[in-house]
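Open the model in your viewer and colour it by chain. The stops below go from one selection to the next.

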Amino acid sequence: MSPPLLEINRLTKRFGGVVALSDVTVTVAPHEIIGLIGPNGAGKTTLFNCITGLLRPEEGTMAFGHETKERLVGLAAHEIVQCGIARTFQNIRLFAHLTVLEHVLIGTYIRTHTGLVSAVLRTREARHEERWARDRARGLVEEFGLSRWASTPAVSLPFGLQRRVELARAMAVEPELLLLDEPAAGLNPTEKQELLSVMQRLRSHGLTICVIDHDMRFVMPVSDRVVVLDYGQVIAEGPPSRVQNDPRVIEAYLGKA
Amino acid sequence: MMRWGVGSLIVACAVPLITRSAYHIDVLTGAGLYALLALGLNVVVGFTGLLHLGYAAFFAIGAYTYALLNLHVGVPFWLGLLPAAAMAGLCGVLLGIPVMRVRGDYLAIVTLGFGEIVRILFTNLEPWTGGPNGLLGIAHPTMWIPGKGVVDFGVRSVPYYYLVVALTTLVTVVCVRMNRSRVGRAWAAIREDEVAAGCAGINTVQLKLLAQGCGAAIGGVAGAVFAAKQGTITPDSFDFILSVMVLAMVVLGGLGRVSGAIVGAMVLGVLPEVLRGVEQFRMLLFGLVMIAMMRLCPQGIMGALRDRGWFGGAHVASAA
């Protein structure tokens, strides 16, 4: 097995007296799809928030990268994006008033470098880069089937399409690792199927994906490995078929018999 | 939108040919200065969504910077514009650092305090600023005109009018280009959702400081023009009411719209003069107009016009 892309080691996050994550150790291998599951309040989103720099864990380390390992703890959110980690949110976070295309253009921010002065002077480089960014954004808008709505305000779209806008924005940063926080929530069965095939397509292009869901049935078919969180602890880990029948997992979901 | 911009510019340039009244020109020059201030504040409040209630401070810093450089070092107006902008911009960034962690209402209170502190400082630093009496004898701009040699702007109205029109045009172009660039989009992202902006890779701290610096620098330019035009500046020209007035212009015109800032400044800059005939009811009418506007089109004049399909397209986000 190739060396891990993301190594989370003994991560602990407390909110006052509540231990949201306790001693969580997870590794993610390149090109893997990992399902992160667990009942509500298990700490799945908290783990994502720690990885993406929105929360700072009290203890533990996180290292990311192939040869040179970036230590993620203590980095700001935008620095973590620069390392190559992008995410979506459980409660979709879109920019009100901005169009679909503008959302994706904002995703290209870290792949472009035009400063304010060159933008105001419209230098040749600035115009060239702006054209590149627009082409790239249009390409992604098309790839995610959003061309018809490119100049529509994203928040006015139906829920399923909003999820796709978020995904396209995250992909515009060209991440190596994509964190999806309950991407299937609120989607109908057809949309869920589409999402699964999108994830598989992205993985086949070399992306590593970590996907949260509390519905085991959604993540099982697509995941190479499943990590189960309960009360902030990893209670099971392994291939979907094995985790599904793990007595501790069944207990966490259904309670003791 | 471009057509409307060029059209407005042509009309603006033709105004002194239509009216010979120095009073009319002066009122419009004042409105033009307001437009500069509104354009600058719009970068901070409209583009980036940072509520600022002490913007008059940057106007004051620009004015005093040029005045002091002129009086002590003899720096001419054109050369003084740059340090006035730089000083105000620097103060904008410096103020931005401590307020980085506060948002919304809290940011409004801190910036309000900043505005007052600057005004009070200029009032009390008497040895340098002349205290409440202010600074006198600031040089007017001069310009070389073929056949006439170097001409002093003096106390004539028309030269200042054209100066303000030229600067407003320049700043408008700068603002439109900033807004349409990747930085402008990043500002919009911060305005709409700072967490999501950070998670899209935007350095929110750096970009908020940049917005505050740019906005303040534009205020500084307006300040230098004001000082050069008046020849005299006193701290009470830069009070809280001015900050509120400029904010009202930005909101009235349409938050985040470059054209809105100008339209708002024209309306609120000229309206008090139009209402001079009904002197006693002036402020009352002024207030009623504001309330009516906010009730009828809360997205501002330009926002409302756009939603009705004027000026190209019903929905253009972060539009110019």
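Which residue of chain B forms a salt bridge with Arg93(A)? Select Arg93(A) and look across to Asp193(B): the two form a salt bridge, with the closest N and O atoms 2.8 Å apart. Keep in mind that this is a predicted model. The rule finds two salt bridges across the interface of chain A and chain B. It also finds eight residue pairs in polar contact across that interface, both residues of each pair being at pLDDT 80 or more.

Next, show the side of chain A that touches chain B. Four elements of chain A give two or more residues to it: helix 2 (77–83), helix 3 (100–107), helix 4 (116–121) and helix 5 (124–143). By type, the residues on this side divide into 18 nonpolar, eight polar and eight charged.

Now select both sides of the contact together. Chain A puts in 34 residues and chain B 30 residues. About 2,800 Å² is buried between chain A and chain B, and carbon and sulfur atoms give 63% of that area.

Is Asp224(A) buried, partly exposed or exposed? Its relative accessibility is 33%, so Asp224(A) counts as partly exposed.

Display what surrounds Asp224(A). Leaving aside neighbours within four places in sequence, Asp224(A) is in contact with His31(A), Glu32(A), Ile33(A), Arg203(A), Pro239(A) and Pro240(A). Two of these deserve a distance label. The side chain of Asp224(A) makes a polar contact with the side chain of Arg203(A), at 2.6 Å. A polar atom of the Asp224(A) side chain also lies 2.7 Å from the backbone nitrogen of Ile33(A).

From Asp224(A), move to Val24(A). The two residues are 200 residues apart in sequence, and their C-alpha atoms are 19 Å apart in space.

The last stop is a sheet in chain A. Switch to a cartoon view and find the open sheet of four strands, with the order 2-1-4-5 and antiparallel pairing. Which strands stand at the edges? They are strand 2 (18–28) and strand 5 (70–71) of chain A; each has a single partner strand, so one side of each is left without a neighbour in the sheet.

Finish on strand 1 (residues 6–15) and strand 4 (residues 59–64) of chain A, which pair in the antiparallel sense over five bridges. Select Asn9(A) and then its bridge partner in strand 4, Thr61(A).

Definitions and conventions:
Residues numbered from 1 in each chain as written. Chains lettered and ligands numbered in written order. Predicted model: local features only at pLDDT ≥ 70, side-chain atom pairs only at ≥ 80, totals over all residues. Heavy atoms only, no water. Contact = heavy atoms within 4.5 Å. Buried area = accessible area lost by both parts, 1.4 Å probe. Salt bridge = Lys/Arg side-chain N within 4 Å of Asp/Glu carboxyl O. Polar contact = N/O pair within 3.5 Å; in protein donor to acceptor, adjacent residues only side chain to side chain. Nonpolar A, V, L, I, M, F, W, Y, C, P; charged D, E, K, R; others polar. Buried < 20%, exposed > 50% of the residue type's maximum accessible area, 1.4 Å probe, protein only. Pairing = 2+ DSSP bridges.
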